[in-house]
Amino acid sequence: MSQKNATIIRPIPHFKNVRESASPQARLKSVKEACQGFRKEMLAEDPVVYYKSCSLIRVPYPSRYGFSGACLVPTPFIHILNRLFILQFQTSEGIKTLLASPSDLEGNAETPFFKRLQDSMGPLKSLGQQFLAPTISTVEHCLAQVGITPEQVDYITYDHLHTQDIRKWLGSHGNPGHFPNAKLLVMRQEWESTKALLPPQADWYCPQGIDGVDPERIILLDGDVMLGEGVALIYTPGHTEGNHSIVAHTPEGLMVTSENGVGPDAYAPLASKIPGLRRYSEATGVEVILNGNTLERGLDQYISMIQEREIAGRSVRNPDFYNMVCSSEATAYWAFPGIHPTWNFGDLQFGKVFRP
């Protein structure tokens with residue numbers, strides 16, 4: 001990491017060694033205790049300068065994965081809504097711009113699982129892209145709407161690299177990328193996994209999605225970090241080995257973005273009206289419902305989801321749920337009847353965009 005980036009990206013000590021115990025219960029207890037100190041300190045800092053989430057595309061996703069088999073509705077699919085998050089935060093080097101989950105919609109469509117899913121739709125496939133995966137907006141359009149230029153983007157990040165093709169944004173094999181000054185913030189474990197996938201993982205990663213990207217454009221993280229004032233990246237393994245969560249201090253508290261779960265219902269199943277989730281939680285004692293398509297590290301994912309919601313805290317908009325603003329959020333869709341999320345955040349905006 002360069003000296004300049006080192007002044008902006010600072011290690012966070014709160015969660016160091018909290019998962020080392022051989023006892024799963026002890027690990028969970030340690031994580032919960034550490035969340036309280038971290039949450040208190042982060043809320044004492046200045047909030048982000050600007051925060052905006054933008055809907056990009058709705059994608060069909062097997063309900064057995066999204067709710068780990070807890071949902072009783074026989075509908076085979078839910079629609080998950082992928083969002084872009086635009087964050088601006090203060091640093092010693094001035095205001096910086098971070099994009100979380102900037103998806104290249106065309107590149108991502110090459111992900112093997114979703115290509116096979118589209119081919120398997122039979123007669124539904126003839127209805128076209130706008131039926132199966134309707135596009136709402138693009139990264140370029142969202143940025144143009146708020147007046148942020150490609151040159152102004154300093155960092156991009158993803159809670160994990162499933163389906164992501166980063167070559168469009170950072171360039172590849174000497175070809176320039178759309179964001180000439182941006183660098184990718186990624187956990188080292190996620191980056192190394194993406195370079196050496198096993199078949200159960202490879203089905204969910206875009207082929208060649210990181211191929212030929214200049215190593216100088218990649219910042220590898222070995223744990224939790226704070227970005228300037230008001231933004232943190234917290235290592236939350238489970239959905240993938242190198243998963244991390246984006247935490248942003250806003251006027252409504254700490255907003256946490258991840259895909260360990262697919263929406264507020266997953267983080268508060270006892271308050272959910274989705275058929276089966278509350279019953280499953282009551283019968284088994286589980287506190288959260290995993291997004292279980294790969295289950296690379298299931299127990300870690302369970303602990304990570306509780307960690308995420310403890311950091312987030314309850315929503316001022318609906319105290320039954322937590323400030324979990326998922327990067328892929330389950331939404332109602334007429335073509336997949338029976339599953340209606342109890343509550344959604346929708347697109348959010350806080351602060352005023354900075355344009356140098």
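Close-up 1. Gln 201 touches Ser 193, Ala 196, Glu 241 and Glu 296, leaving aside residues up to four places away in sequence; contact means heavy atoms within 4.5 Å. The model is a predicted one, in which local features need pLDDT of at least 70 and side-chain atom pairs count only at pLDDT 80 or more, while totals for chains, interfaces and linings use all residues. Residues are numbered from 1 along each chain as its sequence is written, and side-chain values use heavy atoms, with hydrogens and water left out. Gln 201 belongs to helix α10 (residues 199–202); helices (H or I, at least four residues) and strands (E, at least two) are DSSP runs, numbered from the N terminus. With 11% relative accessibility, Gln 201 counts as buried, a term for under 20% relative accessible area, against over 50% for exposed and in between for partly exposed (1.4 Å probe, protein chains only).

**Close-up 2. Helix α13 and its cover.** The 15 residues of helix α13 (residues 298–312) should span 21 Å at 1.5 Å a residue, and its end C-alpha atoms are 21 Å apart, which agrees; the expected span is 1.5 Å times one less than the number of residues. Because twelve of its 15 residues are buried, α13 is largely enclosed by the rest of the structure. Among the buried residues are Asp 300, Tyr 302, Met 305, Glu 308, Arg 309 and Ala 312. The cover over the buried residues of α13 includes the helices α2 (24–44) and α11 (264–267), together with the strands β9 (231–235), β10 (244–250) and β11 (253–257). Gly 313, with a positive phi near 75 degrees, follows α13.

**Close-up 3. The largest pocket.** About 670 Å³ of space lies in this pocket. On a 1 Å grid over the protein atoms alone, a pocket is an open set of points with protein on both sides within 12 Å along at least five of seven lines, whereas a cavity is a set where a 1.4 Å probe fits but cannot get out; lining residues have an atom within 4 Å of a point. Grid points are joined across faces, edges and corners, and a volume is the space filled by probe spheres set on the points. Of the 35 lining residues, Val 59, Asn 82, Asn 108, Ala 109 and Phe 114 lie nearest the centre of the largest pocket. Strand β2 supplies the largest share of the lining, five residues. By class, the lining has 15 nonpolar, 14 polar and six charged residues, where Ala, Val, Leu, Ile, Met, Phe, Trp, Tyr, Cys and Pro count as nonpolar, Asp, Glu, Lys and Arg as charged, and the others, Gly among them, as polar.

**Close-up 4. The largest cavity.** One cavity of 30 Å³ or more is counted, and the largest cavity holds about 30 Å³ of space. Its lining includes Phe 67, Val 262, Ile 274, Ala 330, Pro 341 and Trp 343. Helix α11 gives the most to this lining, with three residues. Eight nonpolar, two polar and one charged residues make up the lining of the largest cavity.

**Close-up 5. Cys 35 and Cys 326.** The structure holds zero disulfides, a disulfide being a pair of cysteine sulfur atoms within 2.5 Å. The cysteine sulfur closest to that of Cys 35 is in Cys 326, 16 Å away and too far for a bond. Cys 35 counts as buried at 0% relative accessibility, and Cys 326 is buried with a relative accessible area of 0%.
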